[in-house]
Amino acid sequence: MVQSPNLTASKEVKMLYRFNSKAAAELIMMPDGAKQMFTALGRDLAPQGIIERDDLSGAIASLNGAIEADEEHWKQSQQEAQLRGEEPARRVGVRFRQRAWPLLEMLRQSHAMGVDVIWTT
């Protein structure tokens with residue numbers, strides 16, 4: 001019997017991050033996206049944790065601030081390109097705002113209901 005190379009190759013296994021709250025449906029994120037969210041929230045990338053209900057308003061503000069900072073950085077890079085006489089680059093891939101939206105909505109709904117958000121891998 002021949003085994004598929006995908007089954008025998010030694011590759012780094014990346015864990016999915018699962019965010020749960022009684023206020024919203026489960027949210028699953030790839031590690032790279034989760035790392036961006038944790039950085040924006042000022043938290044370490046941990047295999048499990050909790051954002052307590054008392055911390056949700058701060059988490060929402062942090063994520064909104066990171067979204068605004070990302071948008072401002074993009075606008076500045078566009079303006080700088082125009083000043084140099086270059087054609088501004090197009091955005092490629094998923095914007096931070098788009099990637100953060102599901103988690104931001106979960107945080108908002110959890111805040112409204114007064115419940116915690118937990119995550120596991």
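User: What share of the contacts in the protein chain with a separation of 6 or more comes from residues 24 or more positions apart?

Analyst: A contact means heavy atoms within 4.5 Å. In this predicted model, such residues account for 68% of those contacts. Residues are numbered from 1 along each chain as its sequence is written. Local features need pLDDT of at least 70 and side-chain atom pairs count only at pLDDT 80 or more, while totals for chains, interfaces and linings use all residues; side-chain values use heavy atoms, with hydrogens and water left out.

User: How many helices and strands are there in the protein chain?

Analyst: Helices (H or I, at least four residues) and strands (E, at least two) are DSSP runs, numbered from the N terminus. The protein chain has four of each, in the order α-β-β-α-β-α-α-β.

User: Is Ala40 buried or exposed?

Analyst: Buried means under 20% relative accessible area, exposed over 50%, and partly exposed in between (1.4 Å probe, protein chains only). Ala40 lies in helix α2, residues 31–41, and is buried because its relative accessibility is 17%. Of the 121 residues in the protein chain, 27% are buried.

User: Which residues does Ala40 touch, not counting residues up to four places away in sequence?

Analyst: Ala40 touches Ser62, Leu63, Ala66 and Phe96. Its C-alpha atom is also 9.5 Å from that of Ala100, 60 residues apart along the chain.

User: Is Met30 buried or exposed?

Analyst: Met30 belongs to the loop between β2 (24–29) and α2, and it counts as exposed because its relative accessibility is 53%.
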